Amino acid sequence: MSTLRLGDIAPDFHAETTQGPINFHEWLGDSWGVLFSHPADFTPVCTTELGTVANYVPEFKKRNTKVIALSVDGLESHKEWIKDINETQNTEVNFPIIADEDKKVANLYDMLHPNASDKFTVRSVFVIGPDKKIKLTLTYPASTGRNFDELLRVIDSLQLTANYSVATPANWKDGEDVVIAPAIPDSDIPAKFPKGHTPIKPYLRLTPQPNK
């Protein structure tokens with residue numbers, strides 16, 4: 001499988017999960033999605049990550065975003081691990097975890113990196129839009145836990161920029177000023193951005209976030 005790139009259709013698949021069997025595209029429906037993989041069950045960093053995501057599910061729901069995890073261990077292992085996650089992270093895992101023992105999904109999404117491990121998946125992240133296209137990819141080493149605040153920030157940016165002719169600057173957070181797309185001529189700005197704008201350079205024009 002060649003490396004998946006931004007704008008590619010996220011491969012569809014059938015899988016067993018801790019919440020029953022799914023067909024991925026059907027499960028996504030018209031939602032955004034986050035698919036993220038873990039090296040193995042009963043590992044310390046993964047335990048903190050899945051607990052964090054469980055606590056963040058309301059934030060993902062606000063953004064019409066479903067989350068689904070994956071590791072190459074089996075369903076019974078996942079179910080036992082969930083007990084540990086709930087106990088140690090003071091939460092209830094409330095999203096599906098894919099059992100990918102045959103590594104079918106891991107191979108579809110190029111989650112096995114032989115230079116890191118030919119047995120365990122790396123910490124991959126895919127953000128997928130309602131059009132089933134890949135909007136963002138991230139790959140972390142096994143030793144580094146992910147920042148889920150950053151994932152929420154990216155989803156805010158992706159959803160904003162999908163609907164308005166803007167981009168988000170460095171370190172942008174929801175509610176802050178955004179950049180007017182270079183393709184928008186100055187003459188169109190008053191109609192498109194009635195909140196006003198601040199020209200800094202001809203190519204760098206800021207405006208208040210249009211959907212706030």
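Residues are numbered from 1 along each chain as its sequence is written, and side-chain values use heavy atoms, with hydrogens and water left out. Because the model is predicted, local features need pLDDT of at least 70 and side-chain atom pairs count only at pLDDT 80 or more, whereas totals for chains, interfaces and linings use all residues.

Begin with V34, F36, L50, V67, F95 and V127, which have the most contacts inside the largest nonpolar core, a group of 26 residues. Such a core is a set of buried Ala, Val, Leu, Ile, Met, Phe, Trp, Tyr and Cys residues joined through side-chain atoms within 4.5 Å, where buried means under 20% relative accessible area and exposed over 50%, with a 1.4 Å probe and protein chains only. The elements that give two or more residues to this core include β3 (32-37), α2 (44-62) and β4 (65-71); helices (H or I, at least four residues) and strands (E, at least two) are DSSP runs numbered from the N terminus.

Next, centre on F95, which touches, among others, F36, L50, V53, V57 and V67, residues up to four places away in sequence being left out; contact here means heavy atoms within 4.5 Å.

Now select α3 (75-89), and colour its buried residues, H78, W81, I82, I85 and N86. They lie on the same side of α3, because they cover an arc of only 145° around the axis, the arc being that of the directions from the helix axis to the C-beta atoms. These buried residues pack against α2, β4 and β5 (97-99), while the face turned away from them carries the exposed E76, K83 and E87.

Move on to R123 in strand β6, which is buried, with a relative accessible area of 2%. Its side chain makes a polar contact with the side chain of E49 at 3.0 Å, and the side chain of R123 also reaches the backbone oxygen of P141 at 3.3 Å. A polar contact is a pair of N or O atoms within 3.5 Å; within protein, one must be able to donate a hydrogen and the other to accept it, and residues adjacent in sequence count only if both atoms are side-chain atoms.

Finish at the open sheet, where four strands stand in the order β8-β9-β11-β10 with antiparallel pairing, two strands being paired if DSSP finds at least two bridges between them. Its edge strands are β8 (166-167) and β10 (198-201). Three bridges join β10 to β11 (residues 204-207), and K201 stands opposite L204 in β11.
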